[in-house]
Amino acid sequence: MGGGNGQKAKMAREKNLEKQKAAGKGSQLETNKKAMSIQCKVCMQTFMCTTSEVKCREHAEAKHPKSDVNACFPHLKQ
């Protein structure tokens, strides 16, 4: 005579927990924070590493019209 429903539920929870640990699933927040590698040097706003040059220029023109685009994003000089 085996365990009841409580035992089955406990085993299922433990099994699912092991699967999640093995798969590395979890929150995407830490990965997103690490990807924020482009930073405006005027206002210190950060952007994803995949942000295009066009988006950087749009930010500079909209938020800092008196500053040069290269002053906001020095990496665009290259």
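Cys49 is partly exposed at a relative accessible area of 45%, where buried means under 20%, exposed over 50% and partly exposed in between (1.4 Å probe, protein chains only). The model is predicted, so local features need pLDDT of at least 70 and side-chain atom pairs count only at pLDDT 80 or more, while totals for chains, interfaces and linings use all residues. Residues are numbered from 1 along each chain as its sequence is written, and side-chain values use heavy atoms, with hydrogens and water left out.

**Exercise 1.** Find how many disulfides the structure has, and explain the result for Cys40.

*Solution.* Begin with the rule, which asks for a pair of cysteine sulfur atoms within 2.5 Å. Next, take Cys40, whose closest cysteine sulfur belongs to Cys43 and lies 3.7 Å away, so the two are too far apart for a bond. By this rule the count is 0 disulfides. Cys40 is, moreover, buried, with a relative accessible area of 0%.

**Exercise 2.** Describe where His64 lies and what surrounds it.

*Solution.* His64 is found in the loop between H3 and H4, and it is buried, with a relative accessible area of 11%. Once neighbours within four places in sequence are set aside, His64 is in contact (heavy atoms within 4.5 Å) with Cys40, Val42, Cys43, His59 and Cys72.

**Exercise 3.** Locate the salt bridges and describe the partners in each.

*Solution.* Side chains of opposite charge can pair when their charged atoms come close. A salt bridge places a side-chain nitrogen of Lys or Arg within 4 Å of a carboxyl oxygen of Asp or Glu, and the structure holds 2 of them. One joins Arg57 to Glu53, with the closest N and O atoms 2.8 Å apart; both residues lie in helix H3, 4 residues apart, about one turn of the helix. Another joins Glu58 to Lys55 at 3.9 Å, N to O, and these two lie in helix H3 as well, 3 residues apart.
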